[in-house]
Amino acid sequence: MKIHGTAIYVLWRREMIRFVRAKSRIVGSLAMPIFFLAFLGLGFRRMPVPGMGGGAGYIGFLAPGIIGMTLLFSSSMQGMSVLWDREFGFLKEIMVAPVSRVSLVLGRIAGGTTTSMLQGILIFGASLLMGFRFRGPASLLFGLVFMLLIAFTFIGMGLVFASRMKDMQGFGIVMNFVIFPFFFLSGALTPLENFPWVIRALSYADPLTYGVDGLRAVLIGTSSLPVLVDLAAMAGFALIMLFLGAYSFETSEGV
Amino acid sequence: MDAIRVEGLVKTFDGFTAVDGVSFAVEEGELFGLLGPNGAGKTTTINMLSTLLRPTAGAATVAGYDVARDRDAVRQSIGIVFQEPALDGRLTGRENLEFHTMMYGLGKAERRRRIDEVLTLVELTDKASTLVDKYSGGMKRRLEIARGLTHRPKVLFLDEPTLGLDTQTRRHIWEYVRKLNKDAGVTIILTTHYMEEADFLCDRVAIMDHGRFAALDTPARLKDTLGGDVVSLEIEGHTAPFLEALAREPWIKRTRVHEDVLSLTMDRGERRIAELVVMAQEHGVTVTCVNLHKPSLEDVFLHFTGRTIREHEADQSERLRAAMRRHGWGRR
């Protein structure tokens, strides 16, 4: 199938224009992770985190989790922006254009990834202000790789849901029964080691678990799984979800 | 070559048949109308022709390309203005047009030229840098029509182009549509449930009801099928001799008497009124009131479907919409 570079670019650019114009929305979407960082970070400041070596403290444990959370929410929202376009009619304008569906998917992924990464990086910056210390520039580079994989995974997932839903009604259900469980199961806030084994088993089916653990491994140098396991799992999830998302979008009808 | 050829087109949704075996052809340069109440299957037909929906059965070509097999080629050849706004309100008018022209692969210089051209055409040049969210309904409609034209489509689909607009804006849009069709030679297929719109604009009209065509012809000939104009005379006096005299006139096609009102069907009724009044006087009948009724498409619709379009609006469309909502496939 043909790839239309211009179409990908114009879809990406539309996302950028909308992102820059929706300042209140950015502030809104960043408020929650910043509150989490501030209140949990300060509240549990002196708590030792079981299974975590080094002197990073709870903020060291928390910050990668909150970065992961920011990416989880922003990426799945971006994936599901198909739904918004459907609601406001713009999806038809996109679907009727003489552009391959693959290009449409790639354009959406490009735009969604950029905005999600920007939000993740902003939260990373905020966590620095709250006393988070990471291991150095090289670790940040590896951190960005994990962030990218998290973004891909959940944009793909958002696309799957959005392609199968006809209106906004399913949106709340997905938020409450898919995205929030992914967040809590990932060990973003609490160490997995404290969960009963049933929940832990579920955690290991959650892509974000590997994303957050990988971020901890590269940023603060301590993790519950080997970093290569995290990387392999995350890369696998990203590939599968992107493929599923693209497939769902391609086979969905335009109206 | 025909711009559009449709043979036995069918679309069913979960056992509900929205379009039930429609066949027609639209010539190049023609302005073709689909007239019918909401829920008649007009939009579904348009959606299949524009590749947004896949036909359940039947075949169609647009600009020579098959809508099921050559989807990209069809999309490249058409422009479409949807029934409900399909603009990005967070972008300006110009940005919406830029998005569109880039999606259609126009070069940079051509993009600028075409966008300026169409903005002038729909008189939105001043508002080009305003966010579309701030546009009025009529401005949005004009922008969408402009957008449908930027890439010079061979065939333009207009789905209820003037729905919900005030009379003045509607007139304006009719003029644009006419100009496009006559000057630029774009083949246009439009759906409407406004009789006067179909009558004013279309070369040929298909009357659609329950997913099928009830009739298809030029507005004039559709009206002719009703037999012509109706002249109604309110009369007083002894009418029998007058009625006998009328029965001998070959140009009167049908005579009906209802109480003191005499209804006569004929061609070109306006030219016969004086003659009729004189005849009445000659036979000792006084005419107290004359009424000439030219058949409208409304009458044609009534003739072919047994109901007026407003009666359809009232019950049938509501029922269909409820069924559509139940099946969860949209609000159209």
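Leaving aside its neighbours within four places in sequence, with which residues is B:Ile188 in contact? The legends below refer to a predicted model, and the first of them takes up this residue.

**Figure 1. Surroundings of B:Ile188 in the largest nonpolar core.** When neighbours within four places in sequence are set aside, the contacts of B:Ile188 are B:Leu31, B:Leu156, B:Leu158, B:Val177, B:Leu180 and B:Asn181. B:Ile188 is listed with A:Leu72, A:Ile150, B:Ala146 and B:Phe157 as the residues having the most contacts inside the largest nonpolar core, which has 135 residues. Helix α7 of chain A, residues 137–164, gives the most to this core, with 13 residues. Another core, of ten residues, lies apart from it and includes B:Val230, B:Leu233, B:Leu262 and B:Leu276. In soluble globular proteins, nonpolar side chains tend to be buried together.

**Figure 2. The contact between chain A and chain B.** On the two sides of this contact stand 27 residues of chain B and 21 residues of chain A. At least two residues of the chain B side are supplied by each of α2 (71–77) and α3 (93–103) of chain B. The largest share of that side is from α3(B), with four residues. By residue class, the side of chain B that touches chain A holds 13 nonpolar, eight polar and six charged residues. For the model, the scores are ipTM 0.88 and pTM 0.82.

**Figure 3. The helical architecture of chain A.** Chain A contains eleven helices and zero strands, in the sequence pattern α-α-α-α-α-α-α-α-α-α-α. Its radius of gyration is 18 Å, close to the 18 Å given by the globule rule for 255 residues, so chain A is as compact as a globular protein of that length. The C-alpha trace of chain A spans about 55 × 40 × 35 Å along its principal axes. Of the 255 residues of chain A, 46% count as buried. Among contacts in chain A between residues at least 6 apart in sequence, those joining residues at least 24 apart make up 83%. The average pLDDT of chain A is 90, and 96% of the residues score at least 70. Confidence in chain A is lowest in helix α8 (residues 169–185), with a mean of 88, and highest in α10(A), at 96.

**Figure 4. The loop holding A:Ser224.** A:Ser224 is placed in the loop between α10 (207–220) and α11 (227–251) of chain A. This residue counts as partly exposed because it has 17 C-beta neighbours inside 10 Å. A:Glu193 is 31 residues apart from A:Ser224 along the chain, and their C-alpha atoms are separated by 8.5 Å.

**Figure 5. Domains and overall dimensions of chain B.** Chain B divides into domain 1, residues 2–223, and domain 2, residues 227–293. The centres of domain 1 and domain 2 of chain B, taken over C-alpha atoms, are separated by 45 Å. Chain B has 13 helices and 14 strands. Its C-alpha trace spans about 80 × 50 × 40 Å along the principal axes. Of the 332 residues in chain B, 42% are buried. In chain B, 71% of the contacts between residues at least 6 apart in sequence join residues at least 24 apart. The average pLDDT of chain B is 88, and 92% of the residues score at least 70. Where pLDDT is low, the predicted coordinates should not be read in detail.

**Figure 6. Positive phi at B:Ala63.** B:Ala63 is a residue other than glycine with a positive phi, near 50°. B:Ala63 belongs to the loop between β4 (57–62) and β5 (65–66) of chain B. It counts as partly exposed because 19 C-beta neighbours are found inside 10 Å.

**Figure 7. Positive phi at B:Glu160.** Although B:Glu160 is not a glycine, its phi is positive, at about 50°. B:Glu160 lies in the loop between β7 (155–159) and α6 (167–183) of chain B. Is B:Glu160 buried or exposed? B:Glu160 is buried, since 23 other C-beta atoms lie within 10 Å, and the cut-off for a buried residue is 20 or more. Most residues other than glycine have a negative phi.

Terms used: Residues are numbered from 1 along each chain as its sequence is written. Chains are lettered from A and ligands numbered from 1 in the order in which they are written. Domain bounds come from an automatic or database domain assignment. The radius of gyration is taken over C-alpha atoms; the globule rule is 2.2 Å times the number of residues to the power 0.38. A residue is buried if 20 or more other C-beta atoms lie within 10 Å of its own, exposed if 12 or fewer, and partly exposed in between; C-beta atoms are placed from the backbone. Two residues are in contact if their C-beta atoms, placed from the backbone, lie within 7 Å. Ala, Val, Leu, Ile, Met, Phe, Trp, Tyr, Cys and Pro count as nonpolar, Asp, Glu, Lys and Arg as charged, and the others, Gly among them, as polar. pLDDT is the predictor's confidence in each residue, from 0 to 100. A nonpolar core is a set of buried Ala, Val, Leu, Ile, Met, Phe, Trp, Tyr and Cys residues joined through C-beta atoms within 7 Å.
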